[in-house]
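Hello,

Here is the structure I promised to pass on to you. Please have a look at the sequence and the model first, and then read my notes below.

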Amino acid sequence: MLNGEESELKFISEADCENDKEGPADLYVIMYSVIDKASFQKAEATLSKMQHSSVLRNKPAILVANKVDLARSRAVSSQDGKCVACTYGAKFIEVSVGINHNVDELLVGILTQIRLKEACSGKEGSRHWYNNHGVLRASLKARQMITWIFGKEDSKFKNCENLHVI
């Protein structure tokens, strides 16, 4: 139940999508572990593959950083996650399933993103699709550096963390 409207979420795995056991998804959740750089690289490769095959063209995606409670073992920074999410037009959230940190926010965000996308279907999307993700990523890295030097949060990164807007 969200905003007085009841919904049912059905989660399907990557294998189910590849085997066409299920129809097209309404939203994609790509999750990685912040203590495993390889899982982060795989998540980025998955986003890239999905975008190049136009799967993400009309579907929202959320990049989820898991295990944020293991801060001492962290191998992937929050800024790196935000940068990848912004590069591919995805939303970003950090969670810890182990201690139930931000899990409810993720579930609400998933449903909100689906509803927002359905409400905007037929309208021109607000996302920009770039041919050269390397240039976009370098631009975002430069913005990160400026943010770090001057201490002012970039609105582009803030937007990718807001699961209540497209």
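**What I found**

Let me begin with K67, which is partly exposed with a relative accessible area of 35%. For that term, buried means under 20% relative accessible area, exposed means over 50%, and partly exposed is in between, with a 1.4 Å probe and protein chains only. This is a predicted model, in which local features need pLDDT of at least 70 and side-chain atom pairs count only at pLDDT 80 or more, while totals for chains, interfaces and linings use all residues. Residues are numbered from 1 along each chain as its sequence is written, and side-chain values use heavy atoms, with hydrogens and water left out.

**The overall layout**

The protein chain has six helices and three strands. Helices (H or I, at least four residues) and strands (E, at least two) are DSSP runs numbered from the N terminus. Read from the N terminus on, the order is α-β-α-β-α-β-α-α-α. The chain has 166 residues, and 37% of them count as buried. Contact means heavy atoms within 4.5 Å; among contacts between residues at least 6 apart in sequence, 77% join residues at least 24 apart.

**Loops and backbone angles**

Back to K67: this residue lies in the loop between β2 and α3. Its phi is positive, about 70°, although K67 is not a glycine. N102 also has a positive phi without being a glycine, near 65°. N102 sits in the loop between β3 (91–94) and α4 (103–120) and is partly exposed, with a relative accessible area of 22%. A glycine with a positive phi, G89, follows α3, and its value is near 70°.

The loop between β2 and α3 also holds R74, which is partly exposed at 29% relative accessible area. R74 and D36 are 38 residues apart in sequence, and their C-alpha atoms are 7.7 Å apart in space. Which residues does R74 contact, leaving aside its neighbours within four places in sequence? They are V34, I35, V68 and E94.

S33, in strand β1, is one of the residues that touch K67. S33 is buried, with a relative accessible area of 11%.

**Two helices side by side**

Two packed helices are described by the angle between their axes and the distance between the axes. Helix α2 (residues 37–52) and helix α3 (residues 78–87) pack at about 10°, and their axes are 10 Å apart. The axes are lines fitted to C-alpha atoms, for helices over the stretch in contact, and angles run from 0 to 180 degrees between N-to-C directions. α2 and α3 are therefore roughly parallel to each other, given that angles under 35 degrees count as roughly parallel, over 145 as roughly antiparallel, 65 to 115 as roughly perpendicular and the rest as oblique.

On the α2 side, K37, F40, E44 and L47 take part, and they meet D80, G81 and V84 of α3. The residues of this contact divide into three nonpolar, one polar and three charged. Here Ala, Val, Leu, Ile, Met, Phe, Trp, Tyr, Cys and Pro count as nonpolar, Asp, Glu, Lys and Arg as charged, and the others, Gly among them, as polar. α3 is mostly covered, with eight of its 10 residues buried; among them are D80, G81 and V84.

**The cores**

A nonpolar core is a set of buried Ala, Val, Leu, Ile, Met, Phe, Trp, Tyr and Cys residues joined through side-chain atoms within 4.5 Å. The largest one has 22 residues, and Y28, I30, Y32, L47, A61, L63 and F92 have the most contacts inside it. β1 (28–33), α2, β2 (61–66) and α3 each give two or more residues to this core, and its largest share, four residues, comes from α2.

Y28 has contacts beyond its neighbours within four places in sequence: M50, V55, L56, K59, P60, A61 and I62. There is also a second, separate core of nine residues, including V64, I93, V95 and L106.

**An aromatic pair**

How many aromatic pairs does a search of the whole structure find? It finds one, formed by Y32 and F40 in an edge-to-face arrangement, 4.9 Å centre to centre and 65° between the planes. Rings of Phe, Tyr and Trp (its six-membered ring) pair if their centres lie within 6.5 Å; planes under 30 degrees apart count as stacked, over 60 as edge-to-face and the rest as tilted. Y32 counts as buried at 2% relative accessibility, and F40 counts as buried at 3%.

Best wishes
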